[in-house]
Amino acid sequence: MQPTKSTELELSPLTPAYDSILELAPYQTGKPVEELTREYGVSDVVKLASNENPIGCSPQVTLAITEQLGKLARYPDGNGHYLKQALSDFTDVNIECITLGNGSNDLLDILARSFVSADDAVVYSQYGFIVYPMVTKMQGATGIEVPAQRFGHDLDAMRQAVEDNPNTKMVFIANPNNPTGTQLQHRELHKFVASVPSSVLVVLDEAYIEYSPESNNRALLDKFNNVVIVRTFSKAYGLAGLRIGYALSSTAVADLLNRIRQPFNVSRVGLAGAVAALGDQSFIEETRKTNQEQMRWLEKQFDALGLAFIKSHANFIMVEIEDAADIYQALLEQGVIVRPLASYGLDNWLRITVGIAEDNLRLIDTLRSILTND
Ligand SMILES: Cc1ncc(COP(=O)(O)O)c(C=O)c1O
């Protein structure tokens with residue numbers, strides 16, 4: 001990330017808490033559909049940029065949310081009891097070990113604020129999710145980015161980084177990883193967690209777990225008190241707009257996280273929606289099946305176009321394209337939003353969320369005509 005110290009900041013007597021905050025670039029979200037319509041006057045927009053669920057969400061969620069609309073004058077249950085109970089039944093994790101967040105980004109932030117101080121180091125992988133360096137720098141801590149191995153986490157090198165930096169307090173691992181879609185085996189992760197000191201908190205980010213059930217590392221929680229699993233309702237559950245995530249941890253870790261989080265960090269609409277979403281696992285099965293079919297279709301199209309891609313275990317795929325920034329722009333102008341990856345140092349790659357059949361067809365047709373100057 002580029003340092004972004006503006007002249008205005010340089011001249012100002014106001015200084016941020018830590019210099020490392022100046023190294024942060026604001027989080028770049030996928031371009032919202034409304035923005036594209038405003039900027040380019042394109043009305044028929046396909047958004048394949050933020051790994052949202054193209055099917056939407058379970059109809060049960062819509063019903064549950066509607067019921068809450070007459071109650072908006074009242075604060076939500078600050079403890080989120082019913083959602084925690086539902087999550088406890090679903091994950092077989094004790095209710096005291098669950099922390100709710102306003103999306104899982106909220107939990108990544110709460111984790112860093114609870115455990116990491118300016119003297120500490122945080123280890124994460126090159127091409128790991130961009131929020132890990134962000135929350136590290138927000139705490140004034142030292143971020144240690146370990147070079148990736150074939151676009152995925154190099155756990156041996158990460159273990160070595162922890163050993164070389166005895167002030168390491170936290171390790172972030174996304175499995176499957178965003179933006180590369182790579183996956184780690186349970187055996188490798190188990191070995192990694194067993195090899196780091198128990199004073200190092202290992203945060204396993206399972207935002208895409210529903211797309212890759214074999215990546216589920218829930219079993220590690222029974223063995224290691226220094227493991228936290230963070231998940232979200234934003235992806236397969238189709239509730240990105242509601243902002244709900246959860247963390248599974250030891251009771252001691254959950255106790256700390258609950259001291260730091262805002263009292264009402266999940267809304268009453270969010271709580272009710274998430275309970276309903278969790279109760280409709282047939283929706284998740286349909287989502288997974290559609291994603292698998294469409295992923296295979298996209299892979300074939302990329303092969304036919306002669307484009308290399310990284311095998312993905314989630315609901316997006318990273319494709320290698322020369323002049324990716326120009327191609328991104330050309331797609332945008334034709335109403336197709338994908339994700340450029342220059343902020344990850346992946347200048348020749350685009351990340352494309354797997355859509356429903358008609359979205360993917362539109363993407364491939366548009367891409368083909370751009371590549372062939374048709
Ligand atoms: C790996 C990973 N973790 C966490 C998040 C945060 O998602 P949310 O805050 O919507 O739960 C994302 C979103 O893109 C992600 O890709």
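Trainee: Which polar side-chain atom lies 2.6 Å from a nitrogen atom of the ligand?
Mentor: That atom belongs to aspartate 205. Please keep in mind that this is a predicted model.

Trainee: And what lies 2.9 Å from an oxygen atom of the ligand?
Mentor: A polar side-chain atom of lysine 235 is found at that distance from a ligand oxygen.

Trainee: Which residue places a backbone N or O atom 2.6 Å from an oxygen atom of the ligand?
Mentor: Serine 104 does, through its backbone.

Trainee: How much of the ligand does the protein bury?
Mentor: The ligand taken alone exposes 400 Å², and the protein buries 95% of that area.

Trainee: Which pocket is the space taken by the ligand?
Mentor: The ligand takes up the space of the largest pocket.

Trainee: Which residues are around the ligand?
Mentor: The residues around the ligand are Gly103, Ser104, Asn105, Phe129, Asn178, Asp205, Ala207, Tyr208, Thr232, Ser234, Lys235 and Arg243.

Trainee: How does that shell divide by class? What are the counts?
Mentor: The shell around the ligand contains six polar residues, three nonpolar residues and three charged residues.

Trainee: Changing topic: how many disulfides does the structure hold?
Mentor: The number of disulfides in the structure is zero.

Trainee: Is cysteine 97 buried or exposed?
Mentor: Cysteine 97 counts as buried, because its relative accessibility of 11% falls under the 20% limit.

Trainee: What about cysteine 57, and why is it classed that way?
Mentor: Cysteine 57 is partly exposed, because its relative accessible area of 27% lies between the limits of 20% and 50%.

Technical notes: Residues are numbered from 1 along each chain as its sequence is written. This is a predicted model: local features need pLDDT of at least 70, side-chain atom pairs count only at pLDDT 80 or more; totals for chains, interfaces and linings use all residues. Side-chain values use heavy atoms; hydrogens and water are left out. A residue is near a molecule or strand if one of its heavy atoms lies within 4 Å of it. A polar contact is a pair of N or O atoms within 3.5 Å; within protein, one must be able to donate a hydrogen and the other to accept it, and residues adjacent in sequence count only if both atoms are side-chain atoms. Accessible areas come from the Shrake-Rupley method with a 1.4 Å probe; for residues, only the protein chains shown count as cover. On a 1 Å grid over the protein atoms alone, a cavity is a set of points where a 1.4 Å probe fits but cannot get out, and a pocket is an open set with protein on both sides within 12 Å along at least five of seven lines; lining residues have an atom within 4 Å of a point. A molecule sits in a cavity or pocket if more than half of its atoms lie within 2 Å of its grid points. Ala, Val, Leu, Ile, Met, Phe, Trp, Tyr, Cys and Pro count as nonpolar, Asp, Glu, Lys and Arg as charged, and the others, Gly among them, as polar. A disulfide is a pair of cysteine sulfur atoms within 2.5 Å. Buried means under 20% relative accessible area, exposed over 50%, partly exposed in between (1.4 Å probe, protein chains only).
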